[in-house]
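Dear colleague,

I am passing on the structure that follows, together with notes on what was found in it. Please read the notes with the coordinates open beside them.

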Amino acid sequence: MNAPHDMRTPARRVRGLGPARSGTADFWHQRLTGFAGVFLSIALIVIVLSMLGRSHAAAVQILGSPIVAVIMLLFILTSVYHMWIGMQEIILDYVHDDKYKFLSLMLNTFFCVAVGLASAFAILKLSFGV
Amino acid sequence: MADLKAGAAASRRPRPLSPHLQIYRLTLTMAMSIVHRITGGALYVGTLLMAWWLISAASGPNAYATFEAFIGSFVGRVILFGYTWALLHHMLGGIRHLIWDTLHGFEPAEREWLTLASLIGSIALTLVVWVIGYIALGGPR
């Protein structure tokens with residue numbers, strides 16, 4: 001980058017490299033999902049409290065009912081996207097070696113997609129199976 | 001040519017680093033900022049518990065019984081209690097950040113009050129949720 005025979009001035013080297021005009025997307029989406037998450041987290045706590053000590057049949061009925069299923073799907077999608085951005089931010093803060101950085105960024109995406117898909121699939125199966 | 005060599009030498013000199021955590025006196029807002037990140041990381045891992053819960057319910061009575069046995073055990077309850085607190089603390093900390101995003105609450109007294117409120121509020125709400133939970137179960141077992 002800063003080769004000894006580079007005749008260009010520092011300004012010339014960086015001109016045209018940015019901004020990408022999309023740098024605040026993650027920031028905004030983190031606020032968006034966080035704001036929605038406040039209400040969805042309260043809803044999740046109410047749903048879990050309503051299921052305590054119930055049989056499997058009752059749990060299936062509650063989780064499979066349309067309103068609860070939609071709230072759960074919203075919670076899953078919102079929190080998975082929120083935590084994907086959050087963990088990416090943590091990785092970019094602490095992992096500086098390119099090898100480990102891109103590996104952990106990939107693992108972060110795999111984890112969030114897998115957990116989100118598995119949870120959403122379970123809700124859909126419960127919902128359509130009743 | 002002399003200028004070029006001087007420039008190359010300057011670029012190899014170690015760059016100044018900004019001071020990090022250990023340089024500063026620990027303040028409440030700083031501690032809660034760190035806790036916000038830690039609870040976020042804990043909730044990240046905690047989604048595995050949510051996935052297990054939902055998949056076991058979708059799989060059938062036997063799988064659900066296995067999950068219930070784990071979450072009802074002492075270790076399971078400690079993890080769930082921690083998850084409840086982490087969720088509520090991250091939520092209240094997030095609300096504090098949303099307030100700060102509107103450029104309100106930055107005065108010294110305000111930011112201390114907001115930060116303390118999120119800490120005390122998260123502990124109080126966690127206890128309220130668990131008391132309701134134990135009442136729903138018909139008392140501690």
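In this model, 30 residues of chain B are in contact with 43 residues of chain A, where contact means heavy atoms within 4.5 Å. The model is a predicted one, in which local features need pLDDT of at least 70 and side-chain atom pairs count only at pLDDT 80 or more, while totals for chains, interfaces and linings use all residues. Residues are numbered from 1 along each chain as its sequence is written, chains are lettered from A and ligands numbered from 1 in the order in which they are written, and side-chain values use heavy atoms, with hydrogens and water left out.

The interface

The size of an interface is often given as the accessible area lost when the parts come together. Here the area buried between chain B and chain A is about 3,100 Å², with carbon and sulfur atoms giving 76% of it; buried area is the accessible area (1.4 Å probe) that two parts lose on being put together, summed over both. Arg37(B), Tyr44(B) and Trp53(B) supply 23% of what chain B buries against chain A, which is more than any other three residues.

Six residue pairs are in polar contact between chain B and chain A, both residues being at pLDDT 80 or more. A polar contact is a pair of N or O atoms within 3.5 Å; within protein, one must be able to donate a hydrogen and the other to accept it, and residues adjacent in sequence count only if both atoms are side-chain atoms. On the side of chain B that touches chain A, helices H1 (2-12), H2 (28-59), H3 (61-72), H4 (74-101) and H5 each supply at least two residues, and H2(B) gives the most, with twelve. Helices (H or I, at least four residues) and strands (E, at least two) are DSSP runs, numbered from the N terminus. The residues on this side divide into 21 nonpolar, six polar and three charged, with Ala, Val, Leu, Ile, Met, Phe, Trp, Tyr, Cys and Pro counted as nonpolar, Asp, Glu, Lys and Arg as charged, and the others, Gly among them, as polar.

Salt bridges

The structure holds five salt bridges over all chains, and three are counted between chain B and chain A; the term stands for a side-chain nitrogen of Lys or Arg within 4 Å of a carboxyl oxygen of Asp or Glu. Arg31(A) and Asp101(B) meet in one of them at 2.8 Å, N to O, a pair that crosses from helix H2 (residues 25-51) of chain A to helix H4 of chain B. Arg31(A) counts as partly exposed at 24% relative accessibility, as does Asp101(B) at 35%, given that buried means under 20% relative accessible area, exposed over 50% and partly exposed in between (1.4 Å probe, protein chains only).

Asp93(A) and Arg37(B) also meet in a salt bridge, at 2.9 Å, N to O, and this pair runs from helix H4 (residues 66-94) of chain A to helix H2 of chain B. Glu89(A) forms a salt bridge with Arg37(B) as well, the closest N and O atoms being 3.9 Å apart.

Chain B itself

Chain B has five helices and zero strands, and 33% of its 141 residues are buried. Leu116(B) lies in helix H5 (residues 108-136), and its C-alpha atom is separated by 7.7 Å from that of Leu28(B), 88 residues apart along the chain.

With best wishes
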